[in-house]
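Visitor: Please walk me through this model. I will ask, you answer.

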Protein chains: 2
Amino acid sequence: MELSEAKNKFIEAWGTLGSSWGINKAMAQIHALLLLSNESLSMEDIMEQLQMSRGNVNMNLRALMDWGIVKKDLRVGERKEFFSTGKDVWELARQVSKERRRREIEPILNVLQNVQGASGENKKAVAEFKKVTGDLLNFSLKIDGIIEKFSKSDQNWFYKLLTKL
Amino acid sequence: MELSEAKNKFIEAWGTLGSSWGINKAMAQIHALLLLSNESLSMEDIMEQLQMSRGNVNMNLRALMDWGIVKKDLRVGERKEFFSTGKDVWELARQVSKERRRREIEPILNVLQNVQGASGENKKAVAEFKKVTGDLLNFSLKIDGIIEKFSKSDQNWFYKLLTKL
DNA sequence: TAAAAGTTTCAGAAATATTTGAAAGTATAA
DNA sequence: TTATACTTTCAAATATTTCTGAAACTTTTA
């Protein structure tokens, strides 16, 4: 397989993967493209290589910067802006898990905590409800703890953990 | 907060959470409703309580059964079908991670493995490409291993692991 | 066998999400 | 200051996903 074909394949697959994880295709593909290029790219470069409109590239680059996985590099003597992403997979994983924790786990923890305050006539029904949601809360808190640990640790911690499995 | 209000809140939140994880809202809400009820429910019960069409309920119940998290209970002397979900959060988590592994991690592993066969004139570029995608492959394989372990282990293994963190 | 009770399917409608491109905005250079 | 080079915004167009409901299908009962 030719390099360019492999690159396209990877960019395409990364986009598809993103979609099934609530990250839109364009965003995932821009990330993939940056991951594969050694210099930082301008908006025009990205527009051309991925055949996307200016607005789309601009919006998704901004989203990637919000996630903390793409940065703007200003080149001296160049007025245009250039963008790049870190090549360190570990760092990427940490950053993504940190953001997803904040955006998705925290809200559900709030709801679960909140509904623990339910009350009503039928004591048994209330108890059953609290049992299920309480179990869910407990489990979620544990997962949350693991992710927090993960997103604050270094690569070494992770490799050590692997050996313990 | 009244029990019924708390239930609705939970069902609503579960639906929203599902959406950001590639699980559609109706599917997540049906699951939440089943999670909160002690007897199994018929399609009509679900249609009424969630205000959804018959087709929608039918399709999503089937999807939930495909995921292995909802089952059909036939009641003796009743012609209608009833559905229920397990209340064990641990078991639910195992089942979900098992399915997501199969549906999402496996395809990306295939692509990453596949593109390792890239070749081309520019040796340096090929090497760089393989470095990045190879790192990603390695990392993904590790995560895959953890999830596999998790989805085959019992609750006790998980709690032991927690203490090691 | 026919009617009744239930389930499944699927084409089209509705709702959501994404993308475009042109206009407005901003910063730098002349 | 004005022209130029670039970035941002956002309303409308497009694409995708989800939902509906009626018709087709299946199973049970009379």
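Visitor: Which residues of helix 5 of chain A are buried?
Guide: This is a predicted model, where local features need pLDDT of at least 70, side-chain atom pairs count only at pLDDT 80 or more, and totals for chains, interfaces and linings use all residues. Residues are numbered from 1 along each chain as its sequence is written, while chains are lettered from A and ligands numbered from 1 in the order in which they are written. Buried means that 20 or more other C-beta atoms, placed from the backbone, lie within 10 Å of the residue's own. In helix 5 of chain A the buried residues are A:Leu92, A:Arg94, A:Val111, A:Leu112 and A:Val115.

Visitor: What do the buried residues of helix 5 of chain A pack against?
Guide: Contact means C-beta atoms, placed from the backbone, within 7 Å. Helices are DSSP runs (H or I, at least four residues), numbered from the N terminus. The partners of these buried residues are helix 6 (123-152) of chain A together with helix 1 (3-19) of chain B.

Visitor: How far apart are the end C-alpha atoms of helix 5 of chain A?
Guide: The helix covers residues 89-115, 27 residues. The expected span is 1.5 Å times one less than the number of residues, so it should be 39 Å. The model agrees, with the end C-alpha atoms 38 Å apart.

Visitor: Which helix of chain A supplies the largest share of the side that touches chain B?
Guide: The contact takes 42 residues from chain A and 42 residues from chain B. On the chain A side, helix 1 (3-19), helix 2 (25-36), helix 5, helix 6 and helix 7 (155-164) each supply at least two residues. The largest share is twelve residues, from helix 6.

Visitor: How many charged residues does the side of chain A that touches chain B have?
Guide: Ala, Val, Leu, Ile, Met, Phe, Trp, Tyr, Cys and Pro count as nonpolar, Asp, Glu, Lys and Arg as charged, and the others, Gly among them, as polar. The side has 25 nonpolar and seven polar residues, and its charged residues number ten.

Visitor: Which helix supplies the largest share of the surface near DNA strand C?
Guide: Near means a C-beta atom, placed from the backbone, within 6 Å of the strand. In all, 17 residues surround DNA strand C, with A:Ala26, A:Ser53, A:Gly55, B:Gly55 and B:Glu81 the closest. The largest share, four residues, comes from helix 4 of chain B.

Terms used
A residue is buried if 20 or more other C-beta atoms lie within 10 Å of its own, exposed if 12 or fewer, and partly exposed in between; C-beta atoms are placed from the backbone. Two residues are in contact if their C-beta atoms, placed from the backbone, lie within 7 Å.
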